[in-house]
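This report describes the overall dimensions, selected secondary-structure packing and the chain contact of the structure shown below.

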Amino acid sequence: MTFEATLAEYCVVACAEAFRGDGEVLASAFGFIPTLGARLARATFEPDLLLSDGEAYLVANDLPLGSSDKVIEGWIPFRSVFDVVWGGRRHVMMGATQLDRYGNQNISSLGPHEKPKVQLIGSRGAPGNTVNHATSYWVPNHSPRVFVEEVDFVSGVGTNRGAVDIKRIITNLCSIDFVNADRSARLRSVHPFHSVDDVISNTGFDLVAENVTESRAPTDEELKLIREVLDPTNLRDTEIKS
Amino acid sequence: MTADKRVTLDEIVSSLSDGMTIGIGGWGSRRKPMSIVRAIARSTLKDLTVVSYGGPDVGLLCATGKVKRVVFGFVTLDSIPIEPHFRAARQAGAVEVTEYDEGMFYLGLLAAAWRVPVLATRAGLGSDIMRVNPQLTTVQSPYSDEQLVAVPALQLDAAFVHMNRADQRGNAAFLGPDLYFDDVFLMAAKQRFVSTERLVETGDLLQEARVQQLRVNRSMVDGVVHSPHGAHFTSCEPDYGRDEDFQKLYAGSVGDAWAPFLARYIDVDESAYQAAVAQ
């Protein structure tokens, strides 16, 4: 049997790959595709990850998106989340309205902070997350408006401002890492259906793009898990344009 | 006999004054003391500094012109990511802000609760939180070279929380998944008020809650108001979930839709509000 993976499924696998090697840490993911990525990683190659339900519980089973059929293995109210953040045993995958080449992230506001053109949700825990533990980002709409020379407000700090470990940025086009010597953004892999040129032309800063590979395809086992167990109602396709 | 601390919403409002710093418990659109927030919204109070893990409490008080400054890490309706009334107030330049990392915010409240002027953290280092809050400074650890953010105590003039169960002396329990930071808000404040879904006898508290859920004791509380459905339209698990339909109505009431929303739901007393939303 062969499966044809969709772009959303490539994105899920790319998100899962961000958590590879993390071990027994809390994987906090926001959005359908990052959540699926974290759950897929635990269901396959990263079985020790801790996953929360976004409310206050640690969930032990392979929970489908939208399901409340939880096997609860722990209680993690917001106050305990700070213990985990400041203790460093966490890898968060957040969204970002703007990102620069060092992974500085803005979720606060666009325009002048005293009277913004657009008020966003607020910096949340991004400043504390980035200086305490591994951080990745999910961008469902890779464009020059997101990837900018300079962010309007630094919520999550980048590698040039003291971030301990910006692991990946996963977008609808590609996967980006920060493994270069100067810890700036490097194009790691491009998802099928897109080219390196698509990525470059949709990025508002100079992205290092050498030896770029194609993003890893989901295995048959991964596709089965995504389609039949983790996301049977296909919420993943609602998060990106195909 | 110990004190009967029962008060009315109007008595709470009359104990407040213009320019106060008020803390509001809950988180986002979850277990917010909305009946007290509504009472403040229809009062003549003004120039308040609102300290909150922000949800519709912040938006409603901004929309009714009560707010001089918001101290926040985020303002959200959870199922609707952006709080539209807060957004409108910010984009109009109508309110000042102190934007913190949400962990710094917690430490500020804890410092006030513990009566120390400052607590130190890495959260905030390198970020624009330091740029837009010139009152924030870093300190060097006396034991190493490490620089840390010195978070000042967030002293509150008054705090309000909504609890699932309480007795008339001010002992109170949460029954949902998370206490949030409600006990810390109370401990950080000079005047402390609890609204509650159900007022019970002290001897019945453990029939309603586990002892581990009795996280507010009467030394942390000055006034208790019995306010059934008082967290509406935010969630108050397990008594009721969020009223998503009403939240959508609220979120859509920016601009021309605001005046009729205000007249029907805010410029009325709590019993009229509850009757209107029950329709």
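## Overall dimensions of chain B

The model is predicted.

The C-alpha trace of chain B spans about 60 × 50 × 30 Å along its principal axes. In secondary structure, chain B comprises 11 helices and 11 strands.

## A three-stranded sheet in chain B

Strands of a sheet pair through backbone hydrogen bonds, in either a parallel or an antiparallel manner. In chain B, three strands form an open sheet in the order 5-7-6, and the pairing is antiparallel. Strand 5 (118–121) and strand 6 (137–140) of chain B are the edge strands, each pairing on one side only. On average, neighbouring strands of this sheet are turned by 45° against each other, with direction ignored.

The antiparallel pair of strand 6 and strand 7 (residues 147–152) of chain B is joined by four bridges. Within strand 7 of chain B, B:Val149 is the bridge partner of B:Thr138.

## Packing of helices 3 and 4 in chain B

Two packed helices are described by the angle between their axes and the distance between the axes. For helix 3 (residues 56–63) and helix 4 (residues 84–91) of chain B, the axes come within 7 Å and cross at roughly 50°. Helix 3 of chain B is therefore oblique to helix 4 of chain B. The crossing of these two helices of chain B is left-handed.

From helix 3 of chain B, the contact involves B:Val58, B:Gly59, B:Leu60, B:Cys62 and B:Ala63, which meet B:Pro84, B:His85, B:Phe86 and B:Ala89 of helix 4 of chain B. Classified by residue type, this contact of helix 3 with helix 4 of chain B has seven nonpolar, two polar and no charged residues.

## Contact between chains A and B

How many residues of chain A are in contact with chain B? The contact brings together 29 residues of chain A and 32 residues of chain B. On the side of chain A that touches chain B, the elements that give two or more residues are helix 3 (78–87) and helix 4 (126–132) of chain A. The residues of that side of chain A divide into 13 nonpolar, 10 polar and six charged.

How values were computed:
Residues numbered from 1 in each chain as written. Chains lettered and ligands numbered in written order. Predicted model: local features only at pLDDT ≥ 70, side-chain atom pairs only at ≥ 80, totals over all residues. Contact = placed C-beta atoms within 7 Å. Nonpolar A, V, L, I, M, F, W, Y, C, P; charged D, E, K, R; others polar. Pairing = 2+ DSSP bridges. Axes fitted to C-alpha atoms, helices over the stretch in contact; angles between N-to-C directions. Parallel < 35°, antiparallel > 145°, perpendicular 65-115°, else oblique. Left-handed = near helix turned anticlockwise from the far one by under 90°.
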